[in-house]
Structures are given as structure tokens and as C-alpha cells.
Amino acid sequence: MVKNILLACVLTAAGGYLLGSILFGVLISKVMYNDDVRNHGSGNAGLTNFFRTFGGPLTFVVILTDVLKAIVAILISLWLGGMFDPRLLPTAPLENQAMVLVFFKYWGGLFCLLGHMFPCMFHFKGGKGILSGGTIAIMIDWRIALVVWGGFLILAVLTRYVSLGSCWAGASFPFITWFVYRSVPVTVLSVIIGGLILYMHRGNIHRLLTGTENKFTLHKKS
């Protein structure tokens with residue numbers, strides 16, 4: 001039984017990481033523009049940097065593909081997590097099928113984000129994980145998505161600092177996870193996920209504090 005659990009965890013981690021490592025922003029910029037989005041702006045492969053650099057309808061392709069890879073990663077984690085009997089698990093917080101599946105959604109989501117942020121296919125230089133992370137939040141629970149996305153949108157719209165909304169998403173994620181599930185293993189994973197989001201935005205946090213952060217505009221830079 002333990003071997004089956006470990007195998008499911010390993011397969012979920014591997015599948016999530018490999019899916020996350022497919023950076024469509026980089027692929028599209030290389031194929032369509034003969035360029036690498038990471039050579040411009042903030043130097044990452046995320047949606048905001050792609051839009052600021054290239055703009056255009058291909059931005060929506062990046063959105064769609066980044067969302068789809070996160071959805072597939074979570075669906076794989078659900079399938080693998082449902083392959084064993086949770087009643088045989090020794091720990092109380094995960095003694096029912098629902099919490100097992102929740103745990104695997106967080107587990108698969110974590111490795112999908114790790115792949116997106118540190119992709120083995122692109123020299124471990126990826127994006128900041130907001131779009132994929134937001135999709136993962138939606139796939140996990142609507143209540144978590146409401147807090148994460150609600151705060152993100154309010155802050156981003158009112159201040160035009162996308163990074164400020166992103167920091168809210170990373171910081172609030174562990175708190176709403178604990179409020180909803182009261183599970184130590186799941187909350188630990190949420191702390192890691194939220195911590196990764198904040199770590200990837202450390203430069204933005206510094207610029208926000210010093211008043212040098214760029215505000216979002218619907219017009220790409222020339």
C-alpha cells in the first residue's frame with residue numbers, strides 16, 4: 001500500500017513538473033517571432049512579460065496553453081490519487097477520499113509550478129507562475145479561487161500593479177487553504193506554493209517598496 005502511495009506521488013510529481021516545464025510563451029516567441037521573450041523586459045517567460053514585449057492575439061494563445069497545462073496536471077493528479085484506498089492511510093487528516101484527492105491536487109499543482117518556474121527544457125529559467133497558479137487554485141476549490149483571484153483582480157485593477165495582486169495571491173493562498181481544509185499536510189504544501197510565488201516576485205517586491213515598479217498598460221512597449 002505504501003509503495004502504491006509513493007508511486008502515485010512520484011508519478012504525479014513527474015507528470016506535473018514535465019507539463020509545467022513546457023513554456024508556451026518561449027515556444028511561441030521563438031517560432032513566431034524568431035526571438036526569446038526571456039531576452040526582454042523582466043527576463044521571465046510569463047504572460048505579463050510576453051504581452052509587454054509582443055502584445056497581439058498570440059497573447060491569448062499563451063493564456064490558453066498555460067491554463068490547459070495546469071488543468072491537465074491537476075486531472076492527472078486526481079486520476080493517480082484515486083487509484084488507492086484512502087482508508088488504509090495511517091494519518092488522520094487524510095483518512096477520507098475527498099482529502100486524499102485534495103492533497104494530490106496540491107501535490108500535482110506544486111510540481112506543475114516548479115516546472116513552470118524552473119523548466120528543465122529551458123535551462124531552468126521560466127515564468128513566475130501566476131496564470132498557472134491561478135488555474136490550479138480554481139481546480140482545487142472555488143472558495144480558494146475566490147479569495148486568491150478576487151484579491152488579485154481588485155489590487156491589479158485599482159493600482160495597475162500586477163505584481164501587487166500576484167503577491168496577494170501568494171501570501172493569501174496558505175491562509176485560505178487552512179481556513180477551508182484544516183489539514184496540516186495540505187497547508188504545508190500551500191505554504192510552499194505561496195512561498196514560491198513570493199520568491200519569484202522578490203524583485204517586484206523590492207521595486208514596489210522603492211516606488212520603481214512598472215504599472216500595467218494595455219499598450220505594449222515599442
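Reply: Let's begin with a term: a cavity is a set of grid points where a 1.4 Å probe fits but cannot get out. The model above is a predicted one, and it holds 1 cavity of 30 Å³ or more.

Me: How much space lies in the largest cavity, and which residues lie nearest its centre?

Reply: The space in the largest cavity comes to about 170 Å³. Its lining is made of 15 residues, and those nearest the centre are Gly 133, Gly 134, Val 148, Ala 169 and Ile 197.

Me: Which helices supply at least two residues each to that lining, and which one gives the most?

Reply: At least two lining residues come from each of H6, H7, H8 and H9. H6 gives the most, with 5 residues. You can also read a lining by class: for the largest cavity there are 11 nonpolar and 4 polar residues, and no charged ones.

Me: Which elements give two or more residues to the lining of the largest pocket?

Reply: Look for helix H3 (47–53), H4, H6, helix H7 (142–159), helix H8 (162–181) and helix H10 (202–210). The largest share, 6 residues, comes from H3. By class, the lining of this pocket divides into 13 nonpolar, 20 polar and 7 charged residues.

Me: And what is the volume of the second largest pocket?

Reply: That volume is about 230 Å³. The second largest pocket has 15 lining residues, with Ser 42, Asn 44, Lys 128, Met 200 and Arg 202 nearest its centre. Helix H9 (184–200) and H10 are the elements that give two or more residues to this lining, and H10 has the largest share, 4 residues. The classes here are 5 nonpolar, 6 polar and 4 charged.

Me: Let's turn to helix packing. At what angle do the axes of H9 and H10 cross?

Reply: Roughly 60°, with the axes coming within 4 Å. To name such an angle, recall that 65 to 115 degrees counts as roughly perpendicular and under 35 as roughly parallel. To find where they touch, look at Leu 198, Tyr 199 and Met 200 in H9, which meet Arg 202, Asn 204 and Ile 205 in H10. That contact has 4 nonpolar, 1 polar and 1 charged residues.

Me: How do helices H4 and H6 pack, and how far apart are their axes?

Reply: Helix H4 (residues 58–81) and helix H6 (residues 130–140) pack at an angle of about 45°, and their axes are 9 Å apart. H4 and H6 are therefore oblique to each other too. The crossing also has a hand: H4 passes H6 in a right-handed one.

Me: Which residues make the contact of H4 with H6?

Reply: From H4 they include Val 62, Ile 63, Asp 66 and Val 67. From H6 come Leu 131, Ser 132, Thr 135, Ile 136 and Met 139. By class, the contact of H4 with H6 has 10 nonpolar, 2 polar and 2 charged residues.

Terms used: Residues are numbered from 1 along each chain as its sequence is written. This is a predicted model: local features need pLDDT of at least 70, side-chain atom pairs count only at pLDDT 80 or more; totals for chains, interfaces and linings use all residues. Side-chain values use heavy atoms; hydrogens and water are left out. Axes are lines fitted to C-alpha atoms, for helices over the stretch in contact, and angles run from 0 to 180 degrees between N-to-C directions. Angles under 35 degrees count as roughly parallel, over 145 as roughly antiparallel, 65 to 115 as roughly perpendicular and the rest as oblique. A crossing is left-handed if the near helix is turned anticlockwise from the far one by less than a right angle, and right-handed if clockwise. Contact means heavy atoms within 4.5 Å. Ala, Val, Leu, Ile, Met, Phe, Trp, Tyr, Cys and Pro count as nonpolar, Asp, Glu, Lys and Arg as charged, and the others, Gly among them, as polar. On a 1 Å grid over the protein atoms alone, a cavity is a set of points where a 1.4 Å probe fits but cannot get out, and a pocket is an open set with protein on both sides within 12 Å along at least five of seven lines; lining residues have an atom within 4 Å of a point. Grid points are joined across faces, edges and corners, and a volume is the space filled by probe spheres set on the points.
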